Amino acid sequence: MSAVEAAESIIQMDDKANQDSKAPPRKRRRIVISCTECHRRKQKCDRKMPCTNCVSRNKETACRYETGTPLAKPDRKGTLQNGNDRSPESMESLPIKTADFGYASNSASTLGILRKIEGDGEPLAGMPTENFDGDSFGIRERYKTLVRLLPSRTYVEKLAEIYFRDINWQYFSIDEPVFRELMDQWYNMPFNVLTTSGPQALDPMLRAFPAVLFQILASALLYLPEGTEETFESLKYTSNMTFEDLAFDYSESGVSILSLLGKRQMSIMTVIAGWVRASFLKYTGMVTEAWHQVGTSIRDAQEIGLHRDQMDPLPSPGDSAEDALEKMWMAQSRRRVWMNLLGWDLHTGAVLGRPTSVDFRLMNRALPVDSVIPKDRRKSPIVARGENDPPTPLTRAIWSWEAMRPLRDILDLEKEGPFPKDFSKVEKIHQELLDLQARTPPPFRMENPDTRFDHLPECWWLPFVRPSLPQLISFNIMALHRPYVFTRPTSRHEALKASLDMLEAQKSYFAMMKPQQHKTFTLFFGTFDAIIMIASIYILFPKEHPELLSKVRQHFEWAIERFETMATRNRLAQAALGVLHAIYIRFKKSVGGGFLVKAPSDVGGSGTSASSSDMQTPNSMSEPSPQNASSVSNMGISSTLPKTERSASVNSSTGLTPASGPDQNNMFANADWSLPTDFDFSSIMPMYPMGDIAYNDLTAIPGGDGTSTWRDAFPGTTTTSSSIPANIPAGPIGEEQPTTWQFGGEFGNDTLWMVLNQFPTY
């Protein structure tokens, strides 16, 4: 190596050492260019003054920028260039914006004066200041492609009329005058607005309006009155397409529009579109999907401030009388939508056994005023409805919310398990529910209703409300006593009465429904939950409530008939028929005077005998046989409990375990079927029949292979019992044949279904 090469090597080594000794470069701090509100909420800001997000949340006064007056975003197509590609002339011609220095705007400062010299002031009226970041050619074309799927206005108006006549009165989340006004704006909009500017050039409410239209059309197609199918036949685009197929197409198109628009600049129309989608899913039997959609709509509602009174639009001193009234009515609409979302979240959570999305007790949100919705909100003040004024669908919606409010306390109490610390809470809530039932508005009562307004054209819906609203309170009573039916006789008594009240209301409600309305979710859940509650009480405790047995049997038969009628249209009823079949067989065995099964040593012998009750068909079971009636009456068990019993509870250490001696009250005392002595009824989880159908794929199948034991079903037990054969042929409902209908699904070992699977059905 020469001297020169050696010197160069030494220099390179020194340079490398110097580089290694240098501290790593610090990360450059990014300048916040969003407004303070969007930066705090972690939203993408469009940098207007005020920005669109702040306008949609009525926070115009709070919209400000730490870097001064916002700059328009450059278009990503062609205008955004790399600095290396610019020519020296273009680099020199670029103005130095004072906002780039990171200082706030102040007209009295030097930078404020420079900003005035640059002419970076207010834009000219009517001239666009920027291109929306997401308004690309692809989004414009996709939005246009989706709205092209809407039928002509003639069909839209006809289907919307069906929706507002047959569906909207049930929840009343959409103001028909506002809907009509938006529809006029939509169909009067110039086409070049969508072609040149895209959806972001529209008002946020009008931008999401097609999504609402699609969901309304989808729901109306499922409610088509008889004789009108031919009118809408031309909307189908294939020969074998059904109206339900077309409804799902429309609903999915509405979802695609909301997905395309994203979560920026949402409006109340975005929330309404999601809520109508949830009701559509619920109506078609997709309960799980509807539950998730309700949660999404609630989060969207919170995003635009529907959960806070402070976010409601308020009249300002400079507003005209018409503008002030418009803002006041808009605040009422926001409150009404939020109230409906809370009610759905609370009630559906209680039905399915799922956690709710929000706790309304943590939000001091005002309810809407019970007033008549005017056709022109800019000329009518808000006037509360009087007692002598006809009720409105809003009156029904407000009362429905009042009836569902106690569910929040009921769900909290349920978390304490079958043995709460203070049973007086149960009695207190029960009394509150009875008081609430007594305060039912006279036009909504099922017994002795006020029919003064039934003849009015605008009150045609009143007869449909009377059998549907009482079911809310009946379900509340069922839900209140649900955790204690296996451990507390009083709770069984109250749950049984509430279930019978619900079935009575269901019978009347079903008689009023037209065949195309058999998809209604209420017709299914109200019957199914009540039947499972009644059957489980009589199967596990057959010696209680003998005076109600005849009525229970009759309602059981009516329920099966309704489900068989609805099965062709209601997928939930079709799926639950097998479950009703399986529990019907167990119910008959229970109330028929004993469990007709041989002793373990005789299994596989010459067969079993059947009582006279077991040989009856459903149509012949309206009255119990004399033999059964006498056997029941001789049990000496009365369902009318003394006052001391109403406040008593089963001790947690013993539960209902038949540890010593025969128990005259529960099913396991029968000598034909043994049970581990350490079995505790309090280990059975509360019943959620609707939730098991929707989430756990609850089914009932005849026959089977293999055997099951109490040790297999409840691993915690220490004693074994006889195995039960499960391979028996099945027969239709009402025909007594050797069969063992077993419940299947993804439920745990501590559920009612696992207990009933151990019950011999042959």
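## Salt bridges across the chain

Is Arg571 buried, partly exposed or exposed? In this predicted model, Arg571 counts as partly exposed, at 39% relative accessibility. Its salt-bridge partner is Glu244, with the closest N and O atoms 3.3 Å apart. This pair links distant parts of the chain, as Arg571 lies in helix H24 (residues 571-591) and Glu244 in helix H12 (residues 243-261), 327 residues apart. Glu244 is partly exposed too, with a relative accessible area of 23%.

The structure holds 35 salt bridges. One of them joins the side chains of Asp184 and Arg153, at 2.5 Å from N to O. Asp184 belongs to helix H8 (residues 176-187) and Arg153 to helix H7 (residues 153-166), so the bridge ties together parts that are 31 residues apart in sequence. Asp184 is partly exposed at 34% relative accessible area, and Arg153 is partly exposed at 27%.

## A buried pair and a network

Now for a pair away from the surface: Arg334 and Asp312 are both buried. They form a salt bridge in which the closest N and O atoms are 2.9 Å apart. Here a helix is linked to a loop: Arg334 sits in helix H15 (residues 321-352), while Asp312 is in the loop between helix H14 (287-303) and H15, 22 residues away.

Elsewhere you can look for a network of salt bridges, which links Asp359, Arg361, Arg408, Asp409, Asp412 and Lys415.

## Helices H21 and H22

Which two helices have axes that come within 9 Å? They are H21 (residues 489-512) and H22 (residues 521-540), whose axes cross at roughly 145°. The crossing of H21 past H22 is left-handed. On the H21 side, the contact residues include Arg492, Leu496, Leu500, Leu503 and Phe510. Among those contributed by H22 are Leu523, Gly526, Ala530, Ile534 and Tyr538.

Sorted by class, this contact has 14 nonpolar residues, five polar and one charged.

## Cysteines without disulfides

How many disulfides does the whole structure contain? A search finds zero. Cys38 shows why a bond is not assigned there: the closest cysteine sulfur, in Cys35, is 3.5 Å from its own, too far for a bond. The cut-off for a disulfide is a pair of cysteine sulfur atoms within 2.5 Å.

If you are curious about where these side chains sit, Cys38 counts as buried at 0% relative accessibility. Cys459 is likewise buried, at 0%.

How values were computed
Residues are numbered from 1 along each chain as its sequence is written. This is a predicted model: local features need pLDDT of at least 70, side-chain atom pairs count only at pLDDT 80 or more; totals for chains, interfaces and linings use all residues. Side-chain values use heavy atoms; hydrogens and water are left out. Axes are lines fitted to C-alpha atoms, for helices over the stretch in contact, and angles run from 0 to 180 degrees between N-to-C directions. Helices (H or I, at least four residues) and strands (E, at least two) are DSSP runs, numbered from the N terminus. A crossing is left-handed if the near helix is turned anticlockwise from the far one by less than a right angle, and right-handed if clockwise. Contact means heavy atoms within 4.5 Å. Ala, Val, Leu, Ile, Met, Phe, Trp, Tyr, Cys and Pro count as nonpolar, Asp, Glu, Lys and Arg as charged, and the others, Gly among them, as polar. Buried means under 20% relative accessible area, exposed over 50%, partly exposed in between (1.4 Å probe, protein chains only). A salt bridge is a side-chain nitrogen of Lys or Arg within 4 Å of a carboxyl oxygen of Asp or Glu.
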